[in-house]
Amino acid sequence: MGLSPRPDRQEVSHGGEPWMVTRLDMLVNWSRANSLWPMPFGTACCAIEFMASAANKFDLARFGMERMSFSPRQADVLICAGRVPFKLAPVLRRIWQQMPQPKWCISMGACASSGNGIFDNYAVVQGIDTIIPVDVYVPGCPPRPEGLIYGIMLLQKKIMNERSADQSIRREMEPDPRSQLYIPPPAIDELSENFGNSVHQKRSGL
Amino acid sequence: MTAQPPFTTVIAGSASQAIPASPRNVAHRGGPANPTAEAIERQFAGAVRRVDVVWGETSVVVDRARLSDIVRWLHDDPSQRYDMLVDVTAVEFRDPEQPIEVVWHLRSLAYRRFLRLKVLLEKSQPLSVPSVWAVYRGADWLERECFDMFGITFEGHPDLRRILMWEGYREGFPLRKDFPVRGRFSRSEQLRQALAANPEARYSMEELSIAQAFEDLPEEMGKRLATGDQQVGE
């Protein structure tokens, strides 16, 4: 999550695991990190850059990502490329919930990560981390393929550091049944707060 | 003015004659109006309130009550043949006293004419205009979009509901001037309402069903598909 660690995160003491488990972790993480199947959720120009990353010059196959999984059931990493309107929010949420564990999410581009300022309007979600948990944010408008590849390498590094003893990272996050939100509404309002010097409007509601 | 070859190289500062404001030297205001404007005035006496010619395009402001007849006549009459509806939209001005304009863009492919019809709606009155769906089936989604964004009711539209925003969107009509650009509710409330919407509930069964398309097929084709007989149509 963007600003704070997951609310259900548990601290695991390091050094308490047997040598065999840590070696097995290393093997599992190594194989997971090098066979990530992306689920592209491309809604805008970031998806064009994502296609360029997957094409021959930048070639995501070098990272074990040659198989684009257009079905969430067979995907490991959701790459949200582009702005997400409010109308797509339940769709994105459902796609994330349909992906089996272990799963990760890359928020590609400024729109997916923060709403991009210029889309600070009534129709666009201000950062997909208000809908689903995000592992890596890739800045840029749109990011160049090098930027996306750097984000993927960061994700691989993150996967390499996972420990099987820490069960909390594999637990499915359940949204609050009443509001259907993962994080408290004041945090969402704060995350969605506009930056820069654009017009600050007074809003009613919560 | 002498005829010019289609492509000429003009070096800055060396043009021997004034370069026209636009390729066809069209004046901003005035100029020859579309002959249809006069024809409407002749056919429907008193229905035309104003005729503007802006950049060579003719806008005719007509009475709300006569709009259906005018559009029907423009479509059917052999001297007009406006067979294509390009757009239906609305304009709201910043000045609160100024009425909302509903705009229809019509094109006559046969006579190569373009006509803009307008109806003025006072904001104190209920915002409703007659639908042209019966004349142009393409008006279906255009009128739905106009309803979604401006809240203008199109009387006679068969299925007038939101098209861009989701069903049950409660914040109002986004392109109205009194609508704040970030919406009326807080971000968390907007997100909560959006996530509560069912993605599948936005389509009517008619939109998804092939059975509906089946009824619109030609009779003999429908019969052939229904019986599975390849020889019926011959």
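**Close-up views of the chain B sheet and the A–B contact**

**View 1. Glu57(B), in β2(B), is the bridge partner of Val54(B).** In this predicted model, β1(B) and β2(B) are paired in the antiparallel sense, with six bridges between them. The two strands form a hairpin in which two residues lie between them, and Trp55(B), which belongs to the turn, has a positive phi of about 50°.

**View 2. Strand β2 of chain B, residues 57-62, has one covered and one uncovered face.** The covered face consists of Thr58(B), Val60(B) and Val62(B), whereas Glu57(B), Ser59(B) and Val61(B) make up the uncovered one. Glu57(B), on the uncovered face, is the residue that bridges to Val54(B), while Val60(B), on the covered face, has Leu117(B) of β5(B) as its bridge partner. The pairing of β2(B) with β5(B) is parallel and is made by four bridges.

**View 3. Strands β4 (residues 100-108) and β5 (residues 113-121) of chain B run antiparallel and are joined by nine bridges.** Within this pair, Trp104(B) has Leu117(B) of β5(B) as its bridge partner. Leu117(B) is also the bridge partner of Val60(B), a residue of the covered face of β2(B).

**View 4. Five strands of chain B form an open sheet with mixed pairing.** The strands follow the order β1-β2-β5-β4-β3. At the edges stand β1 (48-54) and β3 (84-91) of chain B, each of which has a single partner strand, so one side of each is left without a neighbour in the sheet. On average, and with direction ignored, neighbouring strands of this sheet are turned by 20° against each other.

**View 5. Chain B as a whole contains seven helices and seven strands.** Read from the N terminus on, its elements run α-β-β-α-β-β-β-β-α-β-α-α-α-α. Of the 234 residues in chain B, 24% count as buried. Among the contacts of chain B with a separation of 6 or more, 47% are made by residues 24 or more positions apart.

**View 6. The contact between the two chains takes 25 residues from chain A and 22 residues from chain B.** On the side of chain A that touches chain B, the elements giving two or more residues are α3 (89-98) and α6 (185-191) of chain A, and α3(A) gives the most, with five residues. By residue class, this side of chain A divides into ten nonpolar, nine polar and six charged residues.

Conventions: Residues are numbered from 1 along each chain as its sequence is written. Chains are lettered from A and ligands numbered from 1 in the order in which they are written. This is a predicted model: local features need pLDDT of at least 70, side-chain atom pairs count only at pLDDT 80 or more; totals for chains, interfaces and linings use all residues. Two residues are in contact if their C-beta atoms, placed from the backbone, lie within 7 Å. Ala, Val, Leu, Ile, Met, Phe, Trp, Tyr, Cys and Pro count as nonpolar, Asp, Glu, Lys and Arg as charged, and the others, Gly among them, as polar. A residue is buried if 20 or more other C-beta atoms lie within 10 Å of its own, exposed if 12 or fewer, and partly exposed in between; C-beta atoms are placed from the backbone. Two strands pair if DSSP finds at least two bridges between them. Axes are lines fitted to C-alpha atoms, for helices over the stretch in contact, and angles run from 0 to 180 degrees between N-to-C directions.
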